[in-house]
Amino acid sequence: MDADVIAEVGTAFEAYEKALIRNDVDAIIGFFAGDAVRYGLADMQIGLEEQRRWRLAQPPLPPGRRLKDTIIQAYGPDVAVVNTLFGYPGSEVLGRQSQTWVRLPEGWRIVAAHVSEPRGQPT
């Protein structure tokens, strides 16, 4: 069963990443639960409306985003955690991204997310 959960969340996570790269705000928001909490590099949103306002005010991600060492861990049939490193061309610094996904009646949704980036420390 854990393998099924990992595969399902992996598919959802890949779709989320594609929406993020396309800067498709509606699609990005659709991956979050209504009361999700997201901590960013210098921001914080609680709930979809705060996140929508924040995302609409942000420029798109720089081109060439890459992921490294993505780990998906299942905790029963309805909860999974995704941790990954991310980077951009021209920088050796790798940011960190974590998401807690929960299976809700409408499907897999992110209920908590955290993004951080070490300052000036290549990894």
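Helices (H or I, at least four residues) and strands (E, at least two) are DSSP runs, numbered from the N terminus. The model is predicted: local features need pLDDT of at least 70, side-chain atom pairs count only at pLDDT 80 or more, and totals for chains, interfaces and linings use all residues. Residues are numbered from 1 along each chain as its sequence is written, and side-chain values use heavy atoms, with hydrogens and water left out.

View 1. Ile 46 has its place in strand S2 (residues 44-46). Tyr 39, Met 44 and Ile 46 make a nonpolar surface patch of about 290 Å². Patch residues have over 30% relative accessible area and no salt bridge, and nonpolar side chains (Val, Leu, Ile, Met, Phe, Trp, Tyr) are joined within 5 Å. Areas come from the Shrake-Rupley method with a 1.4 Å probe. Ile 46 itself is partly exposed, with a relative accessible area of 43% (buried means under 20%, exposed over 50%, partly exposed in between; 1.4 Å probe, protein chains only).

**View 2. The largest pocket.** Its volume is about 500 Å³. Of the 25 lining residues, Arg 38, Leu 41, Trp 54, Arg 55 and Leu 61 are the closest to the pocket centre. A pocket is an open set of points on a 1 Å grid over the protein atoms alone where a 1.4 Å probe fits, with protein on both sides within 12 Å along at least five of seven lines; lining residues have an atom within 4 Å of a point. Helix H1 (2-22), helix H3 (48-57), strand S5 (95-104) and strand S6 (107-116) each supply at least two lining residues. The lining has 14 nonpolar, six polar and five charged residues.

**View 3. The salt bridge between Glu 17 and Arg 65.** These side chains meet at 2.8 Å, N to O (a salt bridge is a side-chain nitrogen of Lys or Arg within 4 Å of a carboxyl oxygen of Asp or Glu). The pair links distant parts of the chain, with Glu 17 in helix H1 and Arg 65 in the loop between H3 and strand S3 (66-74), 48 residues apart. Both Glu 17 and Arg 65 are buried.

**View 4. The salt bridge between Arg 52 and Asp 26.** The N to O distance is 2.7 Å. Arg 52 lies in helix H3 and Asp 26 in helix H2 (residues 25-30), so the pair ties together parts 26 residues apart in sequence. Arg 52 is partly exposed at 25% relative accessibility, while Asp 26 is exposed at 55%.

Conventions. Points joined across faces, edges and corners; volume = space filled by probe spheres on them. Nonpolar A, V, L, I, M, F, W, Y, C, P; charged D, E, K, R; others polar. Patch = residues over 30% accessible without salt bridge, like charges linked within 9 Å, V, L, I, M, F, W, Y side chains within 5 Å.
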